[in-house]
Amino acid sequence: MTVLIIGGSGFLGTELVRLTRASGQDAAATFATRPGDARDVAWHRLDLRDAGRIAGVMAEVAPAVVINASSGNADWAVTADGAVRVAMTAAERGCRLVHVSSDAVFSGAQVRYDESCLPDPVTPYGAAKAAAETGVRLVAGDAVVARTSLIIGDGRSTHERAVCELMAGTRDGVLFTDDVRCPVHVTDLAGALLELALSDEAGVRHVAGPDALSRYELGVLVARRAGFGSSLPPSGRRADTTLLGGLDIRLNSDATQQALHTRLRGAREFLAESARPTSDDG
């Protein structure tokens, strides 16, 4: 069985490719600018604004499962329209689909969100992701829409690199004490997405860690693990800036966790330990 990973050269996509191969499945992956490093994977250049190219890649790969882990940021043509094009093509070909969404679909007004909560985005990116969710669910009714949060991973994520640069004095800025999310480890997230892709689950699922941390609290943990000792990163409040977006957004992933073998660890746990297997069977 072949799993096609859209956005396979990205941070999450790279881990999805690795775990797919480790699980014994055949993997194919797409990239926008350059292919990933995995050599035993068929790489395909793909622009999600090109419906014909999406159809061509799907026809060539003939996947049983498609995981859309692409990131077009606030580009509506990629993040919203492109995701719906992928879903339409997957539905036409009878492919299983997992679409990766974001907690950015929420404003933060409610703070705690489970899968029954309706999107109320306040940023262009959040609006594009919310539109993608609606389109995907309309054209591919048996798809999984998996909302996640801040993705962390053994020093390789954007947030971790930024913290280390702040601590080293090679980057200006602060970490916000009032910007709260539920960070998830990239390996836990990828494992959960692959498990959902190979299951009969459908509908909206939340796939985030159980710990709600501010970016500053998370930064302190990252800095300690990176060897900066008791030194603290610079702090500030996002409420004092003009940056858009919800402040405190906490995804409740309890229902999804109950259906998974993959354990979604909290940031306090995975930043205080060495990497270890995250599924029941190791």
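Modeller: Two strands pair if DSSP finds at least two bridges between them. This model is predicted.

Biologist: How many bridges join strand β7 to β12?

Modeller: β7 covers residues 144–148 and runs parallel to β12. Within this pair, A146 stands opposite R205 in β12. The bridges joining β7 to β12 number four.

Biologist: Which strands are the edge strands of the sheet?

Modeller: The open sheet has seven strands with parallel pairing, in the order β3-β2-β1-β4-β5-β7-β12. An edge strand here pairs on one side only. That describes β3 (42–45) and β12 (203–206).

Biologist: What does the twist average from one strand to the next?

Modeller: Take the open sheet of seven strands. From one strand to the next, its twist averages 20°.

Biologist: At which residue does α3 bend?

Modeller: Helix α3 spans residues 76–93, and its end C-alpha atoms are 24 Å apart. At 1.5 Å a residue the span should be 26 Å, so the two agree. Still, α3 bends by about 35°, and the bend is at G82.

Biologist: Which residue caps the N-terminal end of α3?

Modeller: Look at the backbone nitrogen of A77. A side-chain oxygen lies 3.1 Å from that nitrogen. The oxygen belongs to D75.

Biologist: Is T20 buried or exposed?

Modeller: T20 lies in helix α1, residues 11–22. Beyond its neighbours within four places in sequence, T20 contacts V3, I5, Q25, D26, A27 and L194. Buried means under 20% relative accessible area. T20 has 0% relative accessibility, so T20 counts as buried.

Notes:
Residues numbered from 1 in each chain as written. Predicted model: local features only at pLDDT ≥ 70, side-chain atom pairs only at ≥ 80, totals over all residues. Heavy atoms only, no water. Helix = DSSP H or I, 4+ residues; strand = E, 2+ residues; numbered from the N terminus. Buried < 20%, exposed > 50% of the residue type's maximum accessible area, 1.4 Å probe, protein only. Contact = heavy atoms within 4.5 Å. Expected span 1.5 Å × (residues − 1). Bend = angle between axes of the 7 residues up to and from the residue. Polar contact = N/O pair within 3.5 Å; in protein donor to acceptor, adjacent residues only side chain to side chain. Axes fitted to C-alpha atoms, helices over the stretch in contact; angles between N-to-C directions.
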